[in-house]
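Hi,

Here is the structure I promised to pass on. Have a look at it first, and then read on for what turned up.

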Amino acid sequence: MGDKAPEYSVFFGVMGSVSAISFSAIGAAYGTAKSGVGISAMAVRRPELIMKSIIPVVMSGIIAIYGLVVAVLIVNAIDKPPVYTLYAGFLHFGSGLSVGLSGLAAGFAIGIVGDAGVRGTAQQQKLFVGMILILIFAEVLGLYGLIVALILATKQGK
């Protein structure tokens, strides 16, 4: 092939962008839905705790922002094939999968912990701090994926 980049190199970059936003949005949606169910069940008996229990929903939304940032970064780097190499396409594909799949896992963890945590906090207020700590540990999984994705997406090579 020589110096010429293949026509399909852009496909990998686009799929990286799609993976970043899709998987992280699925994780965020699951975390929001699962935590929302827990908040609704808890609010029947303790409506004064609704605003305090919104934290898992906010943390789920942050996961989607991670995917959005990487997806936009990848899309802005995509160019026509002579300039956009297969190497860049693979880096962007890996970048999208990194943030997307870690966001999916983090969203699932936040949803499960958020659901059980807000229900438990309604019965015992002392569980709130423990729930927040576990949510932070779940959120940081998505942050790790974001860090790796940013390194991959901005890597320069020949």
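**What the record says, and what the model shows**

An unreviewed UniProt entry lists "transmembrane region" for residues 12–33, 54–78, 90–115 and 127–153. Keep in mind that what you are looking at is a predicted model. Residues 12–33 come out as 100% helix and 0% strand, with the end C-alpha atoms 31 Å apart. Residues 127–153 are also 100% helix and 0% strand, and there the end C-alpha atoms are 39 Å apart.

The unreviewed entry in UniProt also puts the feature "domain: V-ATPase proteolipid subunit C-like" at residues 15–74 and 93–152. In the model, residues 15–74 are 82% helix and 0% strand, and the two end C-alpha atoms lie 10 Å apart. For residues 93–152 the figures are 95% helix and 0% strand, with 9 Å between the end C-alpha atoms.

**H1 against H2**

How do helix H1 and H2 pack? Helix H1 covers residues 9–43, and its axis is 8 Å from that of H2, at an angle of about 175°. An angle over 145 degrees counts as roughly antiparallel, so that is how H1 and H2 run relative to each other. On the H1 side the contact includes Gly13, Gly16, Ser17, Ala20 and Ile21; on the H2 side, Pro56, Val57, Ser60, Ile63 and Ala64 are among the residues involved. Sorted by class, this contact has 13 nonpolar residues, 9 polar ones and no charged ones.

**Two glycines in H1**

Gly13 sits in helix H1 and is buried, at a relative accessible area of 0%. Beyond its neighbours within four places in sequence, Gly13 is in contact with Ile74, Ile78, Tyr84, Gly89 and His92. Gly13 and Gly96 are 83 residues apart in sequence, while their C-alpha atoms are 8.5 Å apart in space.

Gly38 is in helix H1 too, and its relative accessibility of 0% makes it buried. Which residues does Gly38 touch, not counting those up to four places away in sequence? They are Asp115, Val118 and Arg119. With Arg119, the separation is 81 residues along the sequence and 5.9 Å in space, C-alpha to C-alpha.

**H4 and what covers it**

Helix H4 (residues 127–153) has 27 residues, and at 1.5 Å a residue it should span 39 Å; the end C-alpha atoms are 39 Å apart, so the two agree. The buried residues of H4 include Phe128, Met131, Ile132 and Leu135, and Glu139, Gly142 and Gly145 are also among them. Helix H2 (55–77) and helix H3 (86–123) are part of what covers the buried residues of H4.

The axes of H3 and H4 come within 7 Å and cross at roughly 175°. H3 is therefore roughly antiparallel to H4. By class, the contact of H3 with H4 is made up of 19 nonpolar, 11 polar and 1 charged residues.

Cheers

Conventions:
Residues are numbered from 1 along each chain as its sequence is written. This is a predicted model: local features need pLDDT of at least 70, side-chain atom pairs count only at pLDDT 80 or more; totals for chains, interfaces and linings use all residues. Side-chain values use heavy atoms; hydrogens and water are left out. Helices (H or I, at least four residues) and strands (E, at least two) are DSSP runs, numbered from the N terminus. The expected span of a helix is 1.5 Å times one less than its number of residues. Buried means under 20% relative accessible area, exposed over 50%, partly exposed in between (1.4 Å probe, protein chains only). Contact means heavy atoms within 4.5 Å. Axes are lines fitted to C-alpha atoms, for helices over the stretch in contact, and angles run from 0 to 180 degrees between N-to-C directions. Angles under 35 degrees count as roughly parallel, over 145 as roughly antiparallel, 65 to 115 as roughly perpendicular and the rest as oblique. Ala, Val, Leu, Ile, Met, Phe, Trp, Tyr, Cys and Pro count as nonpolar, Asp, Glu, Lys and Arg as charged, and the others, Gly among them, as polar. UniProt positions are given in the numbering used here, feature names are shortened, and annotations may be inferred rather than shown by experiment.
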